[in-house]
Amino acid sequence: MYNDPRSHGLWEKTAPPPPLTTSLVGHETTNVVVVGAGFTGLSAALHLAERGIKAIVLEGKEIGFGGAGRNVGLINGGMWVMPKELPNVLGPVYGERLLDLLGNAPFLVREIIEKHGIECQLEKHGTLHVAVGDKGLAEIRERCAQWAARGAPVRILDAQETASRVGSSAYSGALLDERAGTLQPLAYVRGLAKAAQTAGATIYTASPVIDSQPDGDGWVVTTESGSVRADWVIVATEAYSTGPWKMVREEQVYLPYFNVATKPLGDNLRQTILPNREGCWDTNEILSSFRMDKAGRLVFGSVGALRNTGAHIHPAWAKRAMKRLFPQLGEIEFECEWYGQIGMTDDSVPRFHKFAKNVVGFCGYNGRGIAPGTVFGKTLAAHVAGDIAEDDLPLPISTPQARTVLALREAYYEAGAQIAHFAGERI
């Protein structure tokens, strides 16, 4: 996007075109204004429109410009935090609500895709959390036990079955989560936009919000060339927030994450590497992820930003890592390279903010945007419609708190990833 091949990479190359939109010019009135055209904002707009509630979406750049269009495309249930730990962080009531909501969130993603005929390379064969060594195996066994105790369709694979499914003997086992899967994230978010428009929502792009002011019982939200008066405002800008709700950005530490994609592999290689098309990520502290797209490209990612010296260090490391994991690949050429930023909260748990009367939003997905964003958008629509009271939401109200020495922490993560990848996978 914006002539930057490293912003959305393979996803922009292979996604269907976005629905037609224009910039906001002039003044409009609606029931709800949604700020941000990612998973959360467009899910909210879709579910509002399906209820007959008028919604206008204001997007500062393009549909899926932020994390929605840049990520790996894993549809995961739950969060990074272990299931038993969430009630300790949020308390038993909210902890249980969030576990139930996010544990089933992948099913909502599938339902929306199938209902609206969204072409986004959906794969429903699960994900594999692959274990590195004994420590990693102990971690996934504990995670599996905790989810299985809640009735989730999860199980542990031994090293042999893991090797068969992955195409690599590098792992001591894997946690198979059958709720999960993969998709083409930019295609999915564009499909959400089209579905929302069809249902009656209006989407304006290249319309960054620069101000928001109360107006009687509602709000007037202003862009560079127009304004919208609404009864409610849903803030769905997440870690790419600017303008009136930049505090959402300031309470999250950016963790850069990059992906590279090979050229389409031949039939023989596709039969040996992820033949069932599961999405994978490992238990390393600086984790790696990998998956296959519909055309047979192997998409491989890890922590790091493809800029400055990182533009050379991280792809070079990825080639070394992939050769070790998948020696059958031979010489590796990358067709696309791209990266984005993951917003990380201090406890790896999302937030619900009530910024003012009738101004609400969820944020802090910690790299789990697809399923949580979709289900949180639906939840916000139900809340605005009056079907879910504030006290019945899956998260308590919290006030945005700016993180200290934000720039220093982010520079540390970016530099640390470069140092690790410069030295890593060398013989």
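Predicted model: local features only at pLDDT ≥ 70, side-chain atom pairs only at ≥ 80, totals over all residues.

I started with the stretch at residues 32-382, where the chain is 34% helix and 28% strand.

Next, helix packing. I keep in mind that two packed helices are described by the angle between their axes and the distance between the axes.

Entry on helix 5 and helix 12. How far apart are their axes, and at what angle do the two pack? I get 8 Å between the axes and an angle of about 80° for helix 5 against helix 12 (residues 370-384). Since 65 to 115 degrees counts as roughly perpendicular, that makes helix 5 roughly perpendicular to helix 12. I then listed who touches whom: helix 5 brings Ala 105, Pro 106, Leu 108, Val 109 and Ile 112, while helix 12 answers with Ile 370, Ala 371, Pro 372, Thr 374, Val 375 and Lys 378. Sorted by class, the residues of this contact come out as nine nonpolar, one polar and one charged.

Entry on salt bridges. I searched the whole structure and found 25 of them. I looked up one, between Lys 115 and Glu 50, whose closest N and O atoms are 3.2 Å apart. Lys 115 is in helix 5 (residues 105-116) and Glu 50 is in helix 2 (residues 39-50), so the pair ties together parts 65 residues apart in sequence.

Entry on helix 11 and helix 13. I found that the axes of helix 11 (residues 310-325) and helix 13 (residues 406-423) come within 8 Å and cross at roughly 45°. That makes helix 11 oblique to helix 13. Which hand does the crossing of helix 11 and helix 13 have? I noted it as left-handed. On the helix 11 side I wrote down Gly 310, Ile 313, His 314, Trp 317 and Arg 320, which meet Ala 417, Gln 418, His 421 and Phe 422 of helix 13. By class, I count four nonpolar, four polar and one charged residues in the contact of helix 11 with helix 13.

Methods
Residues numbered from 1 in each chain as written. Heavy atoms only, no water. Axes fitted to C-alpha atoms, helices over the stretch in contact; angles between N-to-C directions. Helix = DSSP H or I, 4+ residues; strand = E, 2+ residues; numbered from the N terminus. Parallel < 35°, antiparallel > 145°, perpendicular 65-115°, else oblique. Left-handed = near helix turned anticlockwise from the far one by under 90°. Contact = heavy atoms within 4.5 Å. Nonpolar A, V, L, I, M, F, W, Y, C, P; charged D, E, K, R; others polar. Salt bridge = Lys/Arg side-chain N within 4 Å of Asp/Glu carboxyl O.
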